Amino acid sequence: MAHNHFEDKRDEAGQKIDLGLWKRLVSYAMRHRRTVLGVVLVLLCVALGDLAYPQLSRYAIDHFIGGGTTEGLTAYGLLYAALVVTQSLGVFLFVKLAGRLEMDMSYDIRQDAFAKLQQLSFSFYDTTSVGWLMARMVSDIARLSDMIAWSLVDLMWAGVFAVGIVIVLLAMHWQLGLLVLCITPVLAVLCVFFQRRILKYQRRVRKANSRITGAFNEGIMGAVTTKTLVREEASAGEFKALTGAMRTASIRSALLSAVFMPLVMALGSVSTALALGLGGRLVFAGTMGFGTLAAFISYTTQLFDPIQQLARILAEMQAAQASAERVIDLLDTEPDIVDSPKVAAEYGTAFAPKRENWPPIIGRVEFRQVTFAYKTGETVLRDFSLKVEPGQTIALVGETGAGKSTIVNLVCRFYEPTEGAVLIDGADYRTRSQLWLHSALGYVLQTPHLFSGSIADNIRYGRKNASLEEVRRAAAMVQADTFIEALPEGYHTEVGEGGGRLSTGQKQLVCFARVILADPRIFVLDEATSSIDTETEQLIQNAIQTVLAGRTSFIVAHRLSTIRSADRILVIRDGRITEAGTHNELLAQGGYYYSLYTHQYRAEATRGALDA
């Protein structure tokens, strides 16, 4: 299964909380400064209110109970009620503002991540599984926005509240306060010990989750293959191993958390017992009031509430850091193909194009001594040169792995030459923006891909403002209008996920119509007729002659019958042109193309006879 190499590197990384990483994520919260400021102010008010309750209890015990009087009870009651109302309002505002912050952050991170996915090069998708990306975009981002909007805000409250209690304890009785606080270093050691181990297992959980998501994706997409090869039991066993690894890591993480929290609570109880023991003696000695001791005990028990919160949130941060690392890795991934700052300044970017500066594309293409190797190290083209005049149709023929698709991907600048240059209209295309070239490209793949929506939506995908009449004309050019108009809802028929409601041939015709509507100057057909039936192939074959007229086109051919009218046919073997010419010229040479064509011709003739 493909996976992103960042995943493995991070799992070997150190176990500490990466503050730089969280700073990056907090910057998303700071895009909404007003909401953050509102949350902070509300939390400060709530923390001050929590600090005020024990002091009110202290006053009630010393004044009303100790003094045996009810004088001032009405004013006290009103003050207490006002504090309760203020606290309730503060909690309401906190929930409202933190919820808004979570949604805003989730929106921003997903927007940035999706924009990054639009910018990344083909090589990224060659080595990254869909499951890995889905886990990042869905579960990890949701977890992070929840973490920052709620847990980090709670962390702030716990910090402010704990510091406030410490100050009040030391102000009330510094000796007794120091006795209570002596437990804190022990708690700090426990936190460090447990959190490192929790993070280790949480990283394993997130890694296993990515693989499980990928396995789900592959299992759904490959369900037919699994059934026809009777792989159900083996696939279930492989999936069980993946989920078992996640289960083991999750149980160990939960076990550590289950041990950690009771230890924190036990330390809190020890601290309270110490305060009761020494404070009771001070009350009997007459050096401390009973109300003061009651307030002191209240603060002592409250102190370990924010400390437990701090421990819990730090544990969650440790756990969520695995998600944070993966999301930031995705956001920081740089595409292999980028426009230089100079090019971006002149021609704009994919999201801010400067179309007014774009020179028109005529369609002259030249490979000048191009060498290309994939990241895996495999060299596909060596010192490859080719000149294509505007309007010419070039067909590429050869064995699988010969370099045909690599050539057209280099034309489209989905990849760039390792050495040499590709020129469009005499200019190295690296001196122009990617969008300049891509806006003039029409690309039809071997496996047609449609998006959810209607047939009309799919045809106008490259030109959203196209009218229905223009959509109809594009469909008619590839003779797709016949089957579309026969459907109950015509052009408004929903195609389903991935175009599942249409046949492969119908999907391919819709893809052809989509490309035609975009009116590209350079046209690429990559094995576009290899996966369709003979009847549909004839429809496309009839349309191709009209569609390619006046456009520079590259056809990667599987069925040689589709390229007989090409201006030039190039036989590619081991990344080099071994034969070149028209259909008749190559047949006359009696070489590789001749043997390939005659073999296919005999096979098709035999198949036709058998069908008859």
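Modeller: Start with the cover of a residue: under 20% relative accessible area means buried, over 50% means exposed, and anything in between is partly exposed. Keep in mind that this is a predicted model.

Colleague: Why is F451 called partly exposed?

Modeller: F451 has a relative accessible area of 32%.

Colleague: What makes F451 and Y461 a stacked pair?

Modeller: Rings pair if their centres lie within 6.5 Å, and planes under 30 degrees apart count as stacked. F451 and Y461 are 4.2 Å centre to centre, with 10 degrees between the planes. Both values pass, so the pair is stacked. F451 lies in the loop between β6 and α15, and Y461 in the loop between α15 and α16. The pair therefore ties together parts that are 10 residues apart in sequence.

Colleague: Is Y461 buried, exposed or partly exposed?

Modeller: Y461 is at 39% relative accessibility, so Y461 counts as partly exposed.

Colleague: How many aromatic pairs does the rule give?

Modeller: The count comes to 14 aromatic pairs. One of them joins Y374 and Y415.

Colleague: Why is the pair of Y374 and Y415 called edge-to-face?

Modeller: The planes must be over 60 degrees apart for that label. Here the angle is 85 degrees, and the rings are 5.4 Å centre to centre. So the pair of Y374 and Y415 is edge-to-face. Y374 lies in the loop between β1 and β2, Y415 in the loop between α13 and β4, so this pair ties together parts that are 41 residues apart in sequence.

Colleague: How do you know which of these two residues is buried?

Modeller: Y415 is at 10% relative accessibility, so Y415 counts as buried. Y374 has 23%, so Y374 is partly exposed.

Colleague: Which residues do ring pairs link into a cluster?

Modeller: Y53, Y59, F64, Y76 and Y80.

Colleague: What makes helix α13 mostly covered?

Modeller: Of its 8 residues, 7 are buried. Among them are K404, I407 and V411. After α13 comes R413, with a positive phi near 60 degrees.

Colleague: Where else is phi positive in a residue other than glycine?

Modeller: Q369 has a phi near 50 degrees. Q369 sits in strand β1. D574 has a phi near 55 degrees. D574 lies in the loop between β9 and β10.

Colleague: Why is D574 called exposed?

Modeller: Exposed means over 50%. D574 has a relative accessible area of 63%, so D574 is exposed.

Colleague: Now the surface. Which residues make the patch of positive charge?

Modeller: R196, R197, K200, R204 and R252 gather there. Helix α8 gives the largest share, 4 residues.

Colleague: Which residues make the nonpolar surface patch?

Modeller: L37, L41, L44, M156 and V160 make a patch of about 410 Å². Helices α3 and α6 each supply at least two of its residues. The largest share, 3 residues, comes from α3.

Colleague: Why is L44 called partly exposed?

Modeller: L44, found in α3, is at 37% relative accessibility. That falls between 20% and 50%, so L44 counts as partly exposed.

Terms used:
Residues are numbered from 1 along each chain as its sequence is written. This is a predicted model: local features need pLDDT of at least 70, side-chain atom pairs count only at pLDDT 80 or more; totals for chains, interfaces and linings use all residues. Side-chain values use heavy atoms; hydrogens and water are left out. Patches are made of residues with over 30% relative accessible area and no salt bridge: like charges are joined within 9 Å, nonpolar side chains (Val, Leu, Ile, Met, Phe, Trp, Tyr) within 5 Å. Accessible areas come from the Shrake-Rupley method with a 1.4 Å probe; for residues, only the protein chains shown count as cover. A salt bridge is a side-chain nitrogen of Lys or Arg within 4 Å of a carboxyl oxygen of Asp or Glu. Lys and Arg count as positive and Asp and Glu as negative; His and the chain ends are not counted. The place of a charge is taken as NZ of Lys, CZ of Arg, CG of Asp or CD of Glu. Buried means under 20% relative accessible area, exposed over 50%, partly exposed in between (1.4 Å probe, protein chains only). Rings of Phe, Tyr and Trp (its six-membered ring) pair if their centres lie within 6.5 Å; planes under 30 degrees apart count as stacked, over 60 as edge-to-face and the rest as tilted.
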